[in-house]
Amino acid sequence: MLGLGSCDEDDLYAAMDRLLPRQEAIEDALAARHLSGGTLVLYDVSSAAFEPLGEIGHARDGVRGRLQIVYGVLTTAEGIPVAVQVFKGSTGDPATLADQVNKLKQRFGLTHVALVGDRGMITKARIKDDLKPAELDWVTALRGPAIKALMARGAIQPTMSGQADMAEITSPDYPR
């Protein structure tokens with residue numbers, strides 16, 4: 001597609017070596033182009049087998065015992081990648097969040113951001129220690145027991161949108 005002909009992994013590593021010193025500048029330019037205050041930012045973490053630099057960790061693809069790296073990707077609401085960060089293969093999802101919060105607030109200078117992540121990443125501890133102090137909003141899913149407890153207290157109300165399987169939750173346990 002790019003007319004590069006054939007290339008092997010050494011060619012790919014060489015290309016990454018040339019990009020690495022410019023990664024921050026590239027990410028800053030992408031953030032300036034695609035992110036602004038009041039924006040929604042998606043964040044997810046995955047892993048990939050990577051020898052010899054990887055570590056044994058939680059294998060998201062189900063294959064255990066391989067050396068791997070963990071990487072986190074920040075994207076726009078439309079899925080446009082803005083930044084990527086690589087972590088040791090044994091890094092848990094929640095442990096990657098603080099770096100992303102700092103990147104959004106400090107490097108990219110965003111004042112009002114809503115970060116979207118799964119419930120394995122945006123935990124109560126991460127909300128308390130990372131998101132609230134940075135004054136970020138967040139969107140995530142609740143686990144079953146939390147939903148049942150909120151239902152028992154009457155905190156879950158049907159939405160006004162008329163969409164099936166949607167609810168608005170208002171509870172001091174999960175402030176806006």
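This is a predicted model: local features need pLDDT of at least 70, side-chain atom pairs count only at pLDDT 80 or more; totals for chains, interfaces and linings use all residues.
View 1. Residues are numbered from 1 along each chain as its sequence is written, and side-chain values use heavy atoms, with hydrogens and water left out. Of the 176 residues, 27% count as buried (under 20% relative accessible area, 1.4 Å probe, protein chains only).

**View 2. The order of helices and strands.** Here you can trace 5 helices and 7 strands, which are DSSP runs numbered from the N terminus (helices: H or I, at least four residues; strands: E, at least two). Along the sequence they follow α-α-β-β-β-α-β-α-β-α-β-β. Among contacts (heavy atoms within 4.5 Å) between residues at least 6 apart in sequence, 50% join residues at least 24 apart.

**View 3. Strand E4 beside strand E1.** Parallel pairing over 4 bridges links E1 (residues 39-49) with E4 (residues 113-116); strands pair if DSSP finds at least two bridges between them. Look for Leu40, whose bridge partner in E4 is Ala114.

**View 4. From E4 over helix H4 to E5.** E4 also pairs with E5 (residues 137-139), again in the parallel sense, over 3 bridges. Val116 has Val139 of E5 as its bridge partner. Together with helix H4 (residues 124-131), E4 and E5 make a right-handed β-α-β unit: with the strands pointing away from the viewer, the path from the first strand over the helix to the second runs clockwise.

Notes
Buried means under 20% relative accessible area, exposed over 50%, partly exposed in between (1.4 Å probe, protein chains only).
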